[in-house]
Amino acid sequence: MQYLGLLIFIGLLFSMGVVQSLANMYINPAYARADYRSMAARIAADNHQNAGIILNAPNQWEVFTYYHDQGAPVYPMPFSGMKREQIQEELAVIAEQHERLYVVYWGDGQQDPERIVESWLDENTYKATSDWSQDVRFVVYAVPSAPATQMAIPVALNFGETISLQGYTLANNELSSGDILQLTLFWETDSPLEQRYKVFLHLLDETGQLVAQRDSEPGGTLKPTNTWRPNETIIDNHGILVPSDLPTGSYTLTLGLYDIADPNTRLLIQTEND
């Protein structure tokens, strides 16, 4: 009877452990996992005809492909033993085959501490959206036919006392719903900056209503303004995902800079009369 009582007690402990594990899985946010199902569903809903998917950590393969089992090809980046140049070459090959890339970032600190993948993509493509799901980041990029290295439209606008927007290149003035607007900005500063500023892009309809926007530090967050060197040209790519339900019409794109610590503090454009 003592053995039976011990077995019953162990059985109760085991049952309580199972119940607690299930409760943690479904209720406790500390145990929540990244929503790979939603990421795969988002890619399927976009149904882009020439998309690719990059996993910056190969050990995401099993869980991601469980939900994404057909459609856009998946590229797990094999970092082990690869040099920077090899990673960049592989990214170039992948990008050459696609017009849109979905990237699932996980474990950057261990997997890609130098942010080689993200740096290359930010310099050669246009980041349109970036969303977190627990410790995983889901990012959408537009791949241009060729990166913009020269400004198409010079403007020489001064933001605040030291920052100048020298010009910009807009890849295409005519877009369809679901497309990604591709804009390259060319910045300079005439003195070192202590403040970090974000670039905001607002797409407005004919009534001035905001229909889409993108806020980001320059260089997809990897070229913050407090790292700019005086008189260096900062090439800064930005993408805006055009809403899939946006009606045909004329739209205006506006931009500005604001203090990352205080979004209500925007840099004023200086004019000759100021």
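1. Isoleucine 116 is buried, at a relative accessible area of 7% (buried is under 20%, exposed over 50% and partly exposed in between, with a 1.4 Å probe and protein chains only). This residue belongs to helix H6; helices are DSSP runs of H or I with at least four residues, strands are E runs of at least two, and both are numbered from the N terminus. Setting aside neighbours within four places in sequence, isoleucine 116 touches Arg84, Ile87, Gln88 and Leu91, where contact means heavy atoms within 4.5 Å. One of these, leucine 91, is 25 residues away in sequence, with a C-alpha to C-alpha distance of 9.9 Å.

2. A word on the source: this is a predicted model, where local features need pLDDT of at least 70 and side-chain atom pairs count only at pLDDT 80 or more, while totals for chains, interfaces and linings use all residues. Residues are numbered from 1 along each chain as its sequence is written, and side-chain values use heavy atoms, with hydrogens and water left out.

3. How do H4 and H6 pack? Helix H4 (residues 84–96) and helix H6 (residues 116–124) meet at an angle of about 45°, and their axes are 10 Å apart. Axes here are lines fitted to C-alpha atoms, for helices over the stretch in contact, with angles from 0 to 180 degrees between N-to-C directions. H4 and H6 are therefore oblique to each other; under 35 degrees counts as roughly parallel, over 145 as roughly antiparallel, 65 to 115 as roughly perpendicular and the rest as oblique.

4. On the H4 side the contact uses Arg84, Ile87, Gln88, Leu91, Ala92 and Ala95, and on the H6 side Ile116, Val117 and Trp120. Sorted by class, that contact has seven nonpolar, one polar and one charged residues (Ala, Val, Leu, Ile, Met, Phe, Trp, Tyr, Cys and Pro count as nonpolar, Asp, Glu, Lys and Arg as charged, and the others, Gly among them, as polar).

5. Do look at strand S3 (residues 100–106): six of its seven residues are buried, so S3 is largely enclosed by the rest of the structure. S3 pairs with strand S1 (residues 51–55) in the parallel sense over five bridges, and pairing requires that DSSP finds at least two bridges between two strands. Isoleucine 53 has tyrosine 102 in S3 as its bridge partner. S3 also runs antiparallel to strand S5 (residues 136–142), joined by seven bridges, with arginine 100 opposite alanine 142 in S5.

6. There is also an open sheet of four strands, ordered S10-S9-S12-S13 with antiparallel pairing. Strands S10 (210–216) and S13 (262–266) are at the edges with a single partner strand each, so one side of each has no neighbour in the sheet. On average, neighbouring strands of this sheet are turned by 35° against each other, direction ignored.

7. Within that sheet, seven of the eight residues of strand S9 (residues 197–204) are buried, so S9 is largely enclosed by the rest of the structure. S9 pairs with S12 in the antiparallel sense over eight bridges, and six bridges join S9 to S10. S9 and S10 form a hairpin with five residues between them, and glycine 208 in the turn has a positive phi of about 85°.
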